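Subject: Structure for your review

Dear colleague,

Please find below the structure that I am handing over to you. My findings follow directly after it.

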Amino acid sequence: MTFQQFGLSNELLRAVEDQAYTTPTPVQAQAIPVILDGHDVLAGAQTGTGKTAGFTLPMLHLMQQTHDKRMRKPAIRALVLTPTRELAAQVAESIALYGRYLPLRSLVIFGGVGANPQIQTLRRGVDILVATPGRLLDLANQGEVNLSKVEFFVLDEADRMLDMGFIHDIRKVLKMLPKSRQNLLFSATFSNEIKKLAANFLHQPKYVEVARNETSHQVTQVVHPVSKSKKRALLSHLIKEGNWNQVLIFTKTKHGANRLTTQLEQDGFTAAAIHGNKSQTARTKALAGFKAKQIQILVATDIAARGLDIDQLPCVVNYELPNVAEDYVHRIGRTGRAGNKGDAVSLLSADDKKLLIGIERLIKQSIHKVLVEGFVPSAEDDAAAEEEGRQALAKQQQRRGGGRGKSSAPRKRQPRRR
Ligand code: AMP
């Protein structure tokens, strides 16, 4: 299969050639023809599968076909909604890249940076708008964004949108769109909430499903059991022994990310943390340094790392396992992208054992456990950590008491609602 077979315009094929892509990825092979045919699409694909080109190329093609050159000030004909600033910036970069030979204008808007330059560009007119929900609604409420001419609506990483609590914002945005339009929804996972949302606004969608392991079989997954107190020493040992020159490390909390970054620096590595408490400038700078390989280690929380597109990232480490099993799939999706091999290494202390069981159930495979000499956990360490894990879990369940948490465990008694 080649890109020529889709019947994409010469301008788009040229842009694809510039990227030296030879073969469409599975999600592209499935999504591009149905989008070109004008269908709504519900696609199960995580970052790293080539999904961005999968929706961008056919959308640009259709927009090019009906582009009116006489329009002085273009109206927004395509809206792409993403959960995070980083993802918004990356999608916008892809649109600029694939659309480089087309006369279409695009703009990305997100919070955390001044709104004025965004407003100025909006006033001159754009064809394609990529946005995070908060800033989009802000500017729409100020009358700076008019969505009444939108023909294409893309909801990217819909599962993450819901995790981040954007459902009300999405509904508000949907109300601003014209009835007749083509809708594309991309999500790595399909909870009941996603299905409900999809049923709400997709019209007879075509399903595009890339097998969950289609990318991750490129990723070698391993778990190293270790006592909590020795995690950091094991991490430094692994980085040195494995000559990991570019590694993305996940922690559960922002505080944990900061602490680990400082400790790794003390061990002689160059490291930076990215998370929601860091300014946009600091996040962009850290990411640029990491991409340029000036910074060896990037320590991130799940939300900050969402959608990061780093070419050929060789290694991802779960310093702690995520509380939500789906996040494990997202995390290891940072490596082994677009045909490259990758390593996903998880450091497992006894307090996270329950989380591992949930993850293995989700990915329907057992992850290889490897003990590292000098770091084998003792029974006492394990017992203490397991107790700690139990307490943390109990606290978490208590906090979720109202029943609105993500846990799918059946509740015995429903609190009565008024
Ligand atoms: P995405 O899943 O959209 O974030 O894309 C993941 C990575 O795959 C990006 O770095 C793209 O440049 C790359 N990519 C997309 N399509 C192809 C393709 N057909 N062949 C090789 N690489 C691709």
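The model is predicted, so local features need pLDDT of at least 70 and side-chain atom pairs count only at pLDDT 80 or more, while totals for chains, interfaces and linings use all residues. Residues are numbered from 1 along each chain as its sequence is written, and side-chain values use heavy atoms, with hydrogens and water left out.

Sheet containing β5

Seven strands form an open sheet in the order β3-β4-β2-β5-β6-β1-β7, with parallel pairing. Helices (H or I, at least four residues) and strands (E, at least two) are DSSP runs numbered from the N terminus, and two strands pair if DSSP finds at least two bridges between them. At the edges stand β3 (106–109) and β7 (206–209); each has a single partner strand, so one side of each is left without a neighbour in the sheet. From one strand to the next, the twist averages 15°. Axes here are lines fitted to C-alpha atoms, for helices over the stretch in contact, and angles run from 0 to 180 degrees between N-to-C directions.

Strand β5 (residues 152–155) directs Phe 152 and Val 154 one way and Phe 153 and Leu 155 the other way, and all are buried (under 20% relative accessible area; exposed is over 50% and partly exposed in between, with a 1.4 Å probe and protein chains only). Four bridges link β5 in the parallel sense to strand β2 (residues 78–81), where Val 80 stands opposite Val 154 and Leu 79 has Phe 153 as its bridge partner. Strand β6 (residues 182–187) also pairs with β5 in the parallel sense over four bridges, and Leu 184 of β6 stands opposite Val 154.

Sheet containing β9

A further open sheet of seven strands has the order β10-β11-β9-β12-β13-β8-β14 and parallel pairing. Its edge strands, β10 (271–274) and β14 (368–369), each pair on one side only. Strands β9 (residues 247–250) and β11 (residues 297–300) run parallel and are joined by four bridges; Ile 249 stands opposite Val 299 in β11. Helix α13 packs on this sheet, touching β9, β10 and β11, and its direction makes about 140° with that of β11. Helix α11 (residues 231–241) lies across β8 (219–225), β9, β11, β12 (315–318) and β13 (342–348), at about 160° to β13.

Helix α4 and its contact with α13

Helix α4 lies across β2, β3 and β4 (128–131), running at about 155° to β4. The axes of α4 (residues 85–98) and α13 (residues 280–291) come within 11 Å and cross at roughly 60°. The two helices are therefore oblique to each other (angles under 35 degrees count as roughly parallel, over 145 as roughly antiparallel, 65 to 115 as roughly perpendicular and the rest as oblique). Arg 85, Glu 86 and Gln 90 of α4 make the contact with Gln 280, Arg 283 and Leu 287 of α13, where contact means heavy atoms within 4.5 Å.

Arg 124

Arg 124 is found in helix α5 (residues 116–124) and counts as exposed at 53% relative accessibility. Leaving aside neighbours within four places in sequence, Arg 124 is in contact with Lys 73, Pro 74 and Arg 105. Arg 124 and Arg 72 are 52 residues apart in sequence and 9.0 Å apart in space, C-alpha to C-alpha.

With kind regards
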